[in-house]
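Please look over the sequence and the model before reading on. Keep both in view as you go.

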Amino acid sequence: MSKLTFPRMGESWRAFKMLLEDLGNDVVVPPRPSKRTLDLGVRYSPEFACLPLKILMGTYLEAIEMGADTIVTTGGVGPCRAGEYALLHHKMLKDLGHDIKMVVFEPPRIYPFNFIKNVWTLNKNHTSVRGIIAHIKRGWRKVQALDNTEKLSHIIRPRELSRGTTTKVYQQVLEWIDCAYTTKQIIDAESAALEALRSLPQHNGQDVLRVGIVGEIYVLLEPASNLEMEETLGNLGVEVERSMFLTGWTRDNTWKDTTERKTVTEAAAPYLPELVGGHGRDTIGNTILYAKRGFDGIIQIAPFTCIPEIVSRTILPRVSRDYDIPVLTFFLDEQTGKAGMSTRLEAFTDLMRRKKRSKLGQGSLIV
Amino acid sequence: MKAYLGIDVGSVSINIVVLSEAGEVITGLYLRTMGRPVQVIQEGLRQAAEYIPPDIEIAGVGSTGSGRYLAGVMVGADVVKNEITAHAVAASMIEPDVQTVFEIGGQDSKIIILRNGIVTDFAMNTVCAAGTGSFLDQQAARLDIPITQFGDLALQSCQPVRIAGRCTVFAESDMIHKQQMGHQIPDIINGLCEALVRNYLNNVGKGKEVLPPILFQGGVAANIGIKAAFEKALGKPVLIPKHYDIMGAIGAAQLAREEVGNGATKFKGFKITGLPYRTGSFECDGCSNVCEIVEIYEEDKVIGRWGSRCSKWDII
């Protein structure tokens, strides 16, 4: 029987694994991206391709070593080269002598037949249409549970009394959600997970800063690709709110634009009325929405050479000035040294804290 | 008399400052890192201990720069701060109304925007070291000109030569092309200074409002060619503080002073200059990250560890 694998993005693999197994497939869970993944990816990818292409290339090669022979992934429309990556990966893997099969999901609202055909291919158990819908719904609920837990961890971490407890508990509760199978079990595991995080000893959070994270989807969703930036910020006493989660992205791309998406597009319109590919427009729109909600700062993260994010980075200084909100941009590539990033994050935190205190009229301007 | 010690461990230089209670520099040292920060910190402290008057008592220590954690554990720092904050603090001490700070060091360059005494924005060079001290050093060596004369030569230029500033590789090949066409060295060097300034303002200073007073600090501020190029490009005067090359250390000392207040310092004393330090490293096999953990030993005791992505090795 064929063995399936898929791109790894954060913790969502737990839900994908369940869904693909429910349809009767043998699944190889791709390993968490490591230095080796990066080495493999860089060796076999075009030099000027972006980081997501390279990490995924490495991930696929590692999954193939583990026995995978079919890759399930997404395609894409619009002016971002990531839309071609499935095809490119397939060709590169073939050149390397790996005879693998690729199942590529395009946005279903534009390509409904592609969706039906792919589901048909993956439906090894010959489950009824109603059964498939039930499986998808349950998988979807699991992704939601994972996203909700992660969101809460971002709020608790900067408030924890003992450094590292949130991360530790978060790792534990992920396993609870992972083990849950029926919808009821998933909902119960989710409540237990949220409760476990909420009940951690915390301080009053008076000094906690709020930062909105915007940028390109892959580096936002896979912590291994952004050197665990969200955790680092949490440890510096910063609550992060990420503008993108898999649940939101999927909703926007399956049926029709959600209200949230429309709000973001509308907010971005005075600065960027066009779709520039990837999530360039969302970066601008979300920055504005965060500023309006009184956030202390914005961090944009993007792969080096990412055109949509380069476009938005050029516009962000103006948004920053108009809305009086500091913005820090990181372009990520193969570097694994964290020193440069830590320095910038620390300095950015100092800046926001001083700004906040001076607004509140509190004495010392130097942190 | 109380004084405060500031240590800035950069890629190219290590600076040590002893600052009086009044904020005056009693001793300021600028030493080359030469890839051996541990030895140079020890050597620097030995020299500093010789220079300071005997009635001085070190009441607080601060460290900054890319080697700040290393210096921090070695000397027992009261405050370990990033270089952006340290430079901003030092600039405000010298020029309380400062609105813009240009800082160009060995490996990185930054711009800091201050309004009403607080940092409102900053940026650092991202993916390229073009326009930093190391590149100027390298080009000076290639042209066989002492780096100290680089600026003077640039000012002797009478004909503009355009050099690409976007990337050091482009800049170097452009410089070689112009040299082989027969352009004079001063003109090429001036072209390089202008290219670096153009790249800095365009890349690091992108979209920032550069308002005077402008302070230019860091090792590269010694180069009057760069200062002139900045003034030409901006049409505004650029000030170079007296202690331009040790501003980070001054800021660190000042931060230590505020941190300690009337409390006790964690400073281990100048005796550490005589202690043996060594570093070791190993790969952690706890997970697929395979982090390379670096340890520093003082005599036979581990005093610090770095490189871990999780907190597993944080406890010493």
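**Cores**

The model is a predicted one. Start inside it. The largest nonpolar core has 78 residues. Within this core, Met229(A), Ile299(A) and Ile301(A) have the most contacts. Helix 3 of chain A, residues 51-65, gives the most to the core, with eight residues.

What does Ile301(A) touch, leaving out residues up to four places away in sequence? Its partners include Ile213(A), Val214(A), Val219(A) and Leu220(A). Met229(A), Phe330(A) and Leu332(A) are also on the list.

**Where the chains meet**

How many residues does each chain bring to the contact? Chain B gives 28 residues, and chain A gives 28 residues. The area buried between the two chains is about 2600 Å². Carbon and sulfur atoms give 51% of that area. On the side of chain B, Ile118(B), Phe122(B) and Arg309(B) lose the most area to chain A. Together they make up 25% of what that side buries.

Six residue pairs are in polar contact across it, both residues being at pLDDT 80 or more. Which elements of chain B give two or more residues to the side that touches chain A? They are helix 2 (68-75), helix 3 (83-94), strand 8 (118-124) and helix 9 (247-260). Strand 8 of chain B gives the most, with six residues. By class, this side of chain B has eleven nonpolar, nine polar and eight charged residues.

Two salt bridges are counted between chain B and chain A. Lys81(B) forms a salt bridge with Asp350(A).

**Salt bridges**

Over all chains, the whole structure has 34 salt bridges.

| Asp350(A) | Lys81(B) | 3.0 Å |

Look at Glu21(A) and Lys17(A). Both lie in helix 1 of chain A, residues 13-22. They are four residues apart, about one turn of the helix. Glu21(A) counts as partly exposed because its relative accessibility is 37%. Lys17(A) is partly exposed as well, at 27%.

The relative accessible area of Glu241(A) is 26%, so Glu241(A) is partly exposed. Arg293(A) is partly exposed, at 43%.

Are Asp282(A) and Arg261(A) buried or exposed? Asp282(A) counts as buried because its relative accessibility is 13%. Arg261(A) is buried too, with 18% relative accessible area. Asp282(A) lies in helix 13 of chain A and Arg261(A) in helix 12 (residues 259-268), so their pair ties together parts 21 residues apart in sequence.

Some salt bridges share partners. Glu11(A), Arg14(A), Glu175(A) and Asp178(A) are joined in this way into one network.

Key
Residues are numbered from 1 along each chain as its sequence is written. Chains are lettered from A and ligands numbered from 1 in the order in which they are written. This is a predicted model: local features need pLDDT of at least 70, side-chain atom pairs count only at pLDDT 80 or more; totals for chains, interfaces and linings use all residues. Side-chain values use heavy atoms; hydrogens and water are left out. A nonpolar core is a set of buried Ala, Val, Leu, Ile, Met, Phe, Trp, Tyr and Cys residues joined through side-chain atoms within 4.5 Å. Buried means under 20% relative accessible area, exposed over 50%, partly exposed in between (1.4 Å probe, protein chains only). Contact means heavy atoms within 4.5 Å. Buried area is the accessible area (1.4 Å probe) that two parts lose on being put together, summed over both. A salt bridge is a side-chain nitrogen of Lys or Arg within 4 Å of a carboxyl oxygen of Asp or Glu. A polar contact is a pair of N or O atoms within 3.5 Å; within protein, one must be able to donate a hydrogen and the other to accept it, and residues adjacent in sequence count only if both atoms are side-chain atoms. Ala, Val, Leu, Ile, Met, Phe, Trp, Tyr, Cys and Pro count as nonpolar, Asp, Glu, Lys and Arg as charged, and the others, Gly among them, as polar.
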